[in-house]
Amino acid sequence: MHAPEEKVFETTAAKLNYLDWGSSSAEPLVLLQGGAWCWQEYLSLLPTLAQKWHNYSLDLRGNGRSGWVPDTYRLENFAADNAQFLGQLGRPAVLIGHSIGGVIALMLAARCPDRVKALIIEDVPLTLDSYRRFIDASRGMFGLWLSVKKSARSEAELALALADAYKDYPGVTSVCILFFARCLWLLDPTFFNALLHDFDGFSAGFDGRQILAMFDRPVLFLRGETRLGAVMTDDDISWLQKNCSHVKCTLINGVGHLLHLEDHGQAPVLKEMAAFLERI
């Protein structure tokens, strides 16, 4: 197994930064981050996953150290980038995606199913209506992020602003604030424009239920508790259990939408992922 190394892959429209970690002879495992984060959100999972899989953990365009493509952040743009990345791997990959990364993974399963061996999806909406509700409910949060990013003159100043903004939120630790300050400092400020102001354009091409009805390879869905902020609905789970025999759904107790990023979520998420990967 070679040492982990950050590399750059050039698509036709963007430069994608990614971590390459694992044996070149192992099967590929591609990890897609949540929106406004970066590949390091998987940092605590990668050492274990790299023991048996060749990991490629990517920064989406406009996120982390990937290139900015101002005002070009629609699901189809992200899917096009990552389809090109999958195309150069030479063999089908398992995709892990969290939040928007999970939505992109589903779109890739529809766009290039021959390049996708299986999916692990962490807490995504399956319908456009539930996706729209999630975005509408999050507008205040996204607005806060953009406001503190715009006013901060340095990453350190941004961290202080986030600490003040989240001072009344239990469980938001210094480590979490420092990590997100880094992600937000690197984020293209136009990343949210289509998401917030042109949802129909942003989401064009996505229908989670239709994709899963056509994609017949193994899929694992991980969700947190709705009362703690998880996005997947009971209706989503019921539909999956009724219509998709190739899909397994697992509830991770005590966490919300962030799942493996939360203290109580990291170990059970990794356990479920490892068990699923062993089965396939």
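Ser99 is buried in this predicted model. Its relative accessibility is 14%, and that value falls under the 20% cut-off, so Ser99 counts as buried. Ser99 sits in the loop between strand S5 (93-98) and H3. Its backbone deserves a look. Ser99 is not a glycine, yet its phi is positive, at about 60°. Most residues other than glycine have a negative phi.

Leu259 is another such case. Its phi is near 50°, a positive value in a residue other than glycine. Leu259 belongs to the loop between strand S8 (247-251) and helix H12 (266-279). At 0% relative accessibility, Leu259 is buried.

Is Asp263 buried or exposed? With a relative accessible area of 70%, Asp263 is exposed, because the cut-off for exposed is over 50%. Asp263 and Val247 are 16 residues apart in sequence. In space, their C-alpha atoms are 26 Å apart.

Now move along to helix H12 itself. Met273 lies in this helix. Its relative accessible area is 0%, so Met273 is buried. What does Met273 touch beyond its neighbours within four places in sequence? The contacts are Leu45, Ile96, Ile120, Glu122, Leu220 and Leu222. Take Leu222 from that list. Met273 and Leu222 are separated by 51 residues in sequence. Their C-alpha atoms are 9.0 Å apart.

Next comes the nonpolar interior. In soluble globular proteins, nonpolar side chains tend to be buried together. Here, the largest nonpolar core has 72 residues. Which of its residues touch the most other members? They are Val30, Leu119, Leu212 and Phe221. Helix H3 (residues 100-111) gives the most to this core, with 8 residues. A second, separate core has 25 residues. It includes Leu31, Trp39, Ile96 and Ile120.

Leaving aside neighbours within four places in sequence, Val30 contacts Tyr56, Leu58, Phe85, Leu86 and Leu89, among others. Its contacts also include Ala93, Val94, Leu95 and Ile96. Ile96 is a member of the second core, and Ile96 is also in contact with Met273.

Leu195 touches Ile135, Phe142 and Phe202, not counting residues up to four places away in sequence. Leu195 and Arg139 are 56 residues apart in sequence. From C-alpha to C-alpha, they are 9.8 Å apart in space.

Start with H5 (residues 139-151) and H7 (residues 174-186). Their axes come within 10 Å and cross at roughly 75°. That angle makes H5 roughly perpendicular to H7. H5 brings Trp145, Val148 and Lys149 to the contact. H7 answers with Phe180, Leu184, Trp185 and Leu186. By class, this contact has 6 nonpolar residues, 1 charged and no polar.

H5 also meets helix H6 (residues 155-165). The two axes come within 9 Å and cross at roughly 145°. The crossing of H5 past H6 is right-handed. On the H5 side, the contact is made by Leu144, Val148, Lys149 and Ser151. On the H6 side, it is made by Glu157, Leu158, Ala161, Leu162 and Ala165. These residues divide into 6 nonpolar, 1 polar and 2 charged. Val148 and Lys149 of H5 contact H6, and both also take part in the contact with H7.

The remaining pair is H6 and H7. Their axes come within 9 Å and cross at roughly 125°. That makes H6 oblique to H7. Which hand does the crossing of H6 past H7 have? It is right-handed. From H6 come Glu155, Leu158, Ala159, Leu162 and Ala163. They meet Ile177, Leu178, Phe180, Ala181, Arg182, Leu184 and Trp185 in H7. The contact of H6 with H7 has 10 nonpolar residues, 2 charged and no polar. Phe180, Leu184 and Trp185 of H7 meet H6, and these three residues also contact H5.

Key
Residues numbered from 1 in each chain as written. Predicted model: local features only at pLDDT ≥ 70, side-chain atom pairs only at ≥ 80, totals over all residues. Heavy atoms only, no water. Core = buried A, V, L, I, M, F, W, Y, C linked by side-chain atoms within 4.5 Å. Buried < 20%, exposed > 50% of the residue type's maximum accessible area, 1.4 Å probe, protein only. Helix = DSSP H or I, 4+ residues; strand = E, 2+ residues; numbered from the N terminus. Contact = heavy atoms within 4.5 Å. Axes fitted to C-alpha atoms, helices over the stretch in contact; angles between N-to-C directions. Parallel < 35°, antiparallel > 145°, perpendicular 65-115°, else oblique. Nonpolar A, V, L, I, M, F, W, Y, C, P; charged D, E, K, R; others polar. Left-handed = near helix turned anticlockwise from the far one by under 90°.
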